[in-house]
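The sequence and structure come first.

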Amino acid sequence: KERDVELIGYEALDVVEIIKTGLPMSPSFFISSLAFDDFLTSANLVDPIMKSLSNVRPFIRQTAKEASEEIANFILTANIPTIIERPIIESYKNMAFYDQPVVSISPSSVIDARFVPQNARATYNYIIGAENLINTIKKIWFNFFSTESIEFRANGYYKGPLTIAIVVKKMIMS
């Protein structure tokens, strides 16, 4: 429902609305913004990320670039806790009748898309395998802290919550 947008994001809400109309939709599942928040907390990344972001100066791209590189290292090398990873992998495996499903993964912004830089809205297609799925999820989480995304926030274009949800959809091969 509309009240759940902070949990699943606008893109996921659009998927739900399509399903409600009765139109055919490929199997999908959502990774909530709470999973992202819990990942950052359990991996002890909140303080290091906040420290990196505190060094960013408005309209000085180099400071955003340096913070982004640090945060990329934090997120891409951290392990997703089993309590978050296991349900994601189980949901992924449940999409297949046999073999491994091919999926499309996209961020589901908890804010109006006008306030999200284009690169933070990237969709990843043709993801196969649980390990690739997990690595791509981390890339989407990192894209939330790309140079452009950090600049966007540092320059005052957005001051809302720092969280993101994800939509995983099975790709129907023709």
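Is W141 buried or exposed? W141 counts as buried, with 0% relative accessibility; buried means under 20% relative accessible area, exposed over 50% and partly exposed in between (1.4 Å probe, protein chains only).

## Basis

This is a predicted model, in which local features need pLDDT of at least 70, side-chain atom pairs count only at pLDDT 80 or more, and totals for chains, interfaces and linings use all residues. Residues are numbered from 1 along each chain as its sequence is written, and side-chain values use heavy atoms, with hydrogens and water left out.

## Aromatic pairs

The structure holds six aromatic pairs. Rings of Phe, Tyr and Trp (its six-membered ring) pair if their centres lie within 6.5 Å; planes under 30 degrees apart count as stacked, over 60 as edge-to-face and the rest as tilted. In one of the pairs, F36 and W141, the ring centres are 5.6 Å apart and the planes at 55 degrees, so the pair is tilted. F36 lies in helix α2 (residues 33-42) and W141 in helix α6 (residues 130-143), so the pair ties together parts that are 105 residues apart in sequence. Helices are DSSP runs (H or I, at least four residues), numbered from the N terminus. F36 is buried at 0% relative accessibility.

F36, F39, W141, F144 and F145 form one aromatic cluster.

## Surroundings of I49

I49 belongs to helix α3 (residues 46-54) and is buried, with a relative accessible area of 3%. Leaving aside residues up to four places away in sequence, I49 touches L40, I71, F74, I75 and F145; contact means heavy atoms within 4.5 Å.

How values were computed: Helix = DSSP H or I, 4+ residues; strand = E, 2+ residues; numbered from the N terminus.
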